[in-house]
Amino acid sequence: MRIITGSARGIPLETLPGEDTRPTSDRVKEALFSMIQFEIEGRRALDLFAGSGQLGLEALSRGAQHCVFIDSARAACDMIVANAKKAKLYDKCRISTGEYASFLRNAANREQFDIIFLDPPYDADYMSIALASIAEGHLLAPGGRIICETDNGVQPVSKRLLKNDGYHDAQVSRQVFGEKTVLQEQFEVLRTALYGRTRITLLAGAKEAAKQ
């Protein structure tokens, strides 16, 4: 695992052994950052389920101004510190051990972020809960973007379904929004794409998207 481009290009990053963290593959990471490549410079980022910190560090390497990293595991946060120092990006980081829900609650109406990375454990409903807290707490800055990484399942998807917008809409509704209609009204889906079993979905605030 490495930083793909920018000031820390090629720097290898460490990750924790075992299955407690699930690093994003280089292929998926490249696709993810291609979606927001012109919206990173000088921005403030949040890597909420940070793991090794690779998404936030990639954003910093590409010119983001600052990134807040949150993870519930002390060992993961220690790893982020080590990775940030290795990449010479530590001075642009705030790294905290804690539960995501507590952070969102405490940051509500006090902080805003231009880029929010959400890559929670696949076997929990943390995504929709986090999105609801982000909307309620006004944590997404005007013009900001949320990048959601979800699990589309291990079964292969046919070419017919890959070309079917209705299929993707239904999967985003289930995986990202937990099929909560009220929550779907808070955000605009700008793009969704499938890479193996990993789905990347790019969101904007509904009011901002409506102005474009």
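Reader: Is K88 buried or exposed?

Author: This is a predicted model, in which local features need pLDDT of at least 70, side-chain atom pairs count only at pLDDT 80 or more, and totals for chains, interfaces and linings use all residues. Residues are numbered from 1 along each chain as its sequence is written, and side-chain values use heavy atoms, with hydrogens and water left out. Buried means under 20% relative accessible area, exposed over 50% and partly exposed in between, with a 1.4 Å probe and protein chains only. Because its relative accessibility is 71%, K88 counts as exposed.

Reader: Where is K88 found, and what is its phi near?

Author: Helices (H or I, at least four residues) and strands (E, at least two) are DSSP runs, numbered from the N terminus. K88 is found in the loop between α3 (74–86) and β3. Most residues other than glycine have a negative phi. K88 is a residue other than glycine with a positive phi, near 60°.

Reader: Which residues of α1 and α2 make the contact?

Author: Contact means heavy atoms within 4.5 Å. On the α2 side the contact is made by Q54, L55, E58 and A59, and on the α1 side by K29, L32 and F33.

Reader: How many residues of α2 are buried?

Author: The buried residues of α2 include G56, L57, L60 and S61, and what covers the buried residues includes α1, β1, β2, α3, β3 and β4. Helix α2 is mostly covered, and of its eight residues the number buried is eight.

Reader: Within what arc do the buried residues of α4 fall?

Author: In helix α4 (residues 100–107), the buried residues are Y100, F103, L104 and A107, and they pack against β1 (44–47), β2 (66–71), β3 (93–97), β4 (113–118) and α5 (126–136). The arc is that of the directions from the helix axis to the C-beta atoms. Seen down the axis of α4, the buried residues line one face of the helix, because they fall within an arc of 95°.
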